[in-house]
Amino acid sequence: MEDRLGAVRFVLCRPRNPQNVGAAARALRCAGISRWAIVDPRTLDFEAARRVAVHAEEMLDKPRIAPTLREALEGCSLSVGTTARARPERPLLTPREAASRLVAARGEVAVVFGDERSGLTAPEVEAVDLLSSIPSAPEQPSWNLAQAIAIYAYEVRAAALSAPARARSPRSPADPGALAALDRALAEAAGRADKPGVRRRLFKTLDRAELSEREATLWTAFLRQIGKF
């Protein structure tokens, strides 16, 4: 399943330190991940970045520069945002759990990182489907950006290499991407009903039901259809 790595993109929001950008490029190259995007970069000093991007200098020639996270995530069926902060009603996956879900999803997927100072903004947290955090010692809960990228890159590669090929049918359990699409449709429906706070609780109920692929697709289509009335 190494070809699954071609569907993974890493997204860096507002990186400030060129050494972090260069070290990120090296980590992604080591993991066999070639797709990445930089959102609203606060540094374009790629010359300084090249000095630490050992044998991965070409990665710095082709990052996609996007003005917003929404644009960087276009075409993704599933996105995982990384954070050091717990959020009510949103479980934090470990990097290994996050990688497993990314590899299991069909279509393109993304791992999203915030800037070195404050991480992801509140709107960015809402824009991603899942949240993940690296377990850390309480006295030092925040990982360096480049270190965090290396950890997730390794876990994604390991998950892709160990994932068995699976035949899918409408009765197969819904993959993480299908569940993410359902969650987004539910968010839209809850917003139209002026009840945004119920979205997470309702999704937890559906998630516990262990929907099949077909059931998740039907729920998503239904929620989107009622939004047209």
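Predicted model: local features only at pLDDT ≥ 70, side-chain atom pairs only at ≥ 80, totals over all residues.

Reader: Fine. Which residues does Arg200 touch, leaving out those up to four places away in sequence?

Author: Arg200 touches Glu89, Arg90, Glu126 and Asp183.

Reader: And where does Arg200 sit? Buried or exposed?

Author: Arg200 is in helix 8, residues 199-208. Arg200 counts as buried because its relative accessible area is 12%, and the cut-off for buried is under 20%.

Reader: How do helix 7 and helix 8 cross?

Author: The axis of helix 7 (residues 176-192) comes within 9 Å of the helix 8 axis, and the two cross at roughly 145 degrees. The crossing is right-handed.

Reader: Which residues make that contact?

Author: From helix 7, Leu179, Leu182, Asp183, Leu186, Ala187 and Ala190. Helix 8 brings Arg199, Arg200, Leu202, Phe203, Leu206 and Asp207. By class, the contact has eight nonpolar and four charged residues, with no polar ones.

Reader: OK, switching to helix 6. How many residues does it have, and how far does it reach?

Author: Helix 6 (residues 145-162) has 18 residues and reaches 26 Å from first C-alpha to last, close to the 26 Å expected.

Reader: What caps the N-terminal end of helix 6?

Author: Asn144 does, with a side-chain oxygen 2.9 Å from the backbone nitrogen of Ala146.

Reader: Which residues of helix 6 are buried, and what do they pack against?

Author: The buried ones include Leu145, Ile149, Tyr152, Glu155 and Val156. The buried residues of helix 6 pack against strand 1, helix 1, strand 4, helix 4, strand 6 and strand 7.

Reader: Let's do helix 1 then. Why does its span agree with what you'd expect?

Author: At 1.5 Å a residue, the 14 residues of helix 1 should span 20 Å, and its end C-alpha atoms are 20 Å apart, so the two agree.

Reader: What do the buried residues of helix 1 pack against?

Author: Strand 1, strand 2, helix 2 and helix 6. Among the buried residues of helix 1 are Pro18, Asn20, Val21, Gly22 and Leu28.

Reader: And what's at the start of helix 1, and just after it?

Author: At the start, a side-chain oxygen of Asn17 comes within 2.7 Å of the backbone nitrogen of Gln19. Just after helix 1, Gly32 has a positive phi of about 80 degrees.

Conventions:
Residues numbered from 1 in each chain as written. Heavy atoms only, no water. Helix = DSSP H or I, 4+ residues; strand = E, 2+ residues; numbered from the N terminus. Buried < 20%, exposed > 50% of the residue type's maximum accessible area, 1.4 Å probe, protein only. Contact = heavy atoms within 4.5 Å. Axes fitted to C-alpha atoms, helices over the stretch in contact; angles between N-to-C directions. Left-handed = near helix turned anticlockwise from the far one by under 90°. Nonpolar A, V, L, I, M, F, W, Y, C, P; charged D, E, K, R; others polar. Expected span 1.5 Å × (residues − 1). Polar contact = N/O pair within 3.5 Å; in protein donor to acceptor, adjacent residues only side chain to side chain.
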